Amino acid sequence: MAKRLRILTWHVHGNYMYYLSQVPHDFYLVRDPVLSTHRGGRGSTLPWGDNVHDAPVEQLRDMAFDVVLYQARPGYEQDRFNLLSAAQRHLPSIYLEHDPPQEHATNTRHWVQDTGTLLVHVTPFNALMWDAGITPTCVVEHGVRLLAEASYTGERREGIVVVNNIDRRGRRLGADVFEQVRQQVPLTLVGMGATRMDGAGEVPNDRLPPVMAEHRFFFNPIRYTSLGLAVIEAMMVGVPVVGLATTELVTVLHNGVNGLIDTRVDRLVDGMRHLLDDHADARRMGELGRRTALERFHIERFVGDWMAVFRQVAG
């Protein structure tokens with residue numbers, strides 16, 4: 001039987017961390033007294049298993065770990081030196097990159113330049129765009145285990161958009177696209193800061209699947225990102241997804257079959273109107289999307305891939 005590892009990491013993306021915790025190792029999440037960014041520990045919003053623990057910063061240097069899993073630049077460039085002991089800095093290490101380059105799309109060298117650290121990307125698109133330099137890389141695609149059971153009804157004749165703080169994140173996250181589209185079709189915006197744009201506000205993680213299931217379709221207005229977990233979660237519920245034909249999404253959705261994608265917003269609006277008018281076709285498309293998500297992003301494959309990664313770095 002493989003050794004059960006003690007993995008130090010940071011709580012960067014809540015749902016991703018929950019899905020990662022399905023891997024049968026022990027995860028220790030950095031926590032400081034004021035619960036600052038990425039140092040919030042377990043928190044209280046997700047149904048963690050007993051393999052997820054807090055790692056208080058005042059005790060960190062005296063704790064024993066087998067692997068350090070970095071998930072954001074401040075953790076790698078600052079916390080690594082300010083919080084960890086010299087011995088901990090020399091443990092087997094992984095950097096989990098959640099995003100594509102934010103500067104130049106193709107000519108950005110990743111800040112992790114270390115032959116002894118494995119750079120793990122969450123999509124093949126991210127791996128394609130980053131210049132990894134000397135750092136070895138691999139891809140572990142998303143895996144999703146819904147926090148609540150839900151099945152598509154589409155009873156609400158409107159679309160749902162799930163983006164946090166979209167108004168502050170501008171064109172990259174498609175704030176302008178969202179504004180353009182909601183002038184033409186009914187859309188409900190949920191997420192942190194959504195009320196600033198007359199949206200419905202934040203929905204608790206375990207309530208989001210049934211809320212999405214009520215809406216006729218899910219709209220993803222984001223131009224440039226990784227593959228959002230909310231997109232996959234909507235697909236797993238059976239909600240038809242409409243999105244821009246950019247980044248990894250083009251390998252997931254086939255236009256008119258298991259979703260709608262295009263770079264022309266007017267074509268997407270036409271597609272949304274069709275889904276609003278034809279509930280049966282929306283249900284058909286959503287069911288094909290659900291099958292795609294269950295086949296490609298099921299949690300068992302994700303856990304198996306991560307088990308292989310941890311075996312690779314920790315022997």
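Reply:

On one side of H10, Ala280, Arg291 and Glu295 are exposed, where exposed means over 50% relative accessible area, buried under 20%, and partly exposed in between, with a 1.4 Å probe and protein chains only. On the other side from these residues, Asp281, Ala282, Met285, Gly286, Gly289 and Ala293 of H10 are buried. Seen down the axis of H10, the buried residues fall within an arc of 130°, so they line one face of the helix; the arc is that of the directions from the helix axis to the C-beta atoms.

Before going further, please note that this is a predicted model, in which local features need pLDDT of at least 70 and side-chain atom pairs count only at pLDDT 80 or more, while totals for chains, interfaces and linings use all residues. Residues are numbered from 1 along each chain as its sequence is written, and side-chain values use heavy atoms, with hydrogens and water left out.

H10 covers residues 279-296, which makes 18 residues, and from its first C-alpha to its last it reaches 26 Å, close to the 26 Å expected at 1.5 Å a residue; the expected span is 1.5 Å times one less than the number of residues. Helices (H or I, at least four residues) and strands (E, at least two) are DSSP runs, numbered from the N terminus.

What covers the buried residues of H10 includes strand E10 (215-220), helix H8 (229-237), strand E12 (260-262) and helix H9 (265-277), where contact means heavy atoms within 4.5 Å.

Of these neighbours, H9 can be followed in the same way. Its 13 residues should span 18 Å at 1.5 Å a residue, and its end C-alpha atoms are 18 Å apart, which agrees. The buried residues of H9 are Val265, Leu268, Val269, Gly271, Met272, Leu275 and Leu276. Viewed down the axis of H9, these buried residues fall within an arc of 160°, so they line one face of that helix. The face of H9 turned away from its buried side carries the exposed residues Asp266 and Asp277. The buried residues of H9 pack against H10, and also against strand E8 (156-162), helix H6 (175-182), E10, strand E11 (241-244) and E12.

The loop between E11 and E12 holds Thr247. Phi of Thr247 is near 50°, a positive value in a residue other than glycine, and Thr247 counts as buried at 14% relative accessibility. Asp198, found in the loop between strand E9 (187-190) and helix H7 (208-214), has a phi near 60°, again a positive value in a residue other than glycine, but Asp198 counts as exposed at 70% relative accessibility.

Of the 315 residues, 55% count as buried, and among contacts between residues at least 6 apart in sequence, 66% join residues at least 24 apart. The C-alpha atoms fill a box of roughly 60 × 40 × 40 Å, taken along the principal axes.
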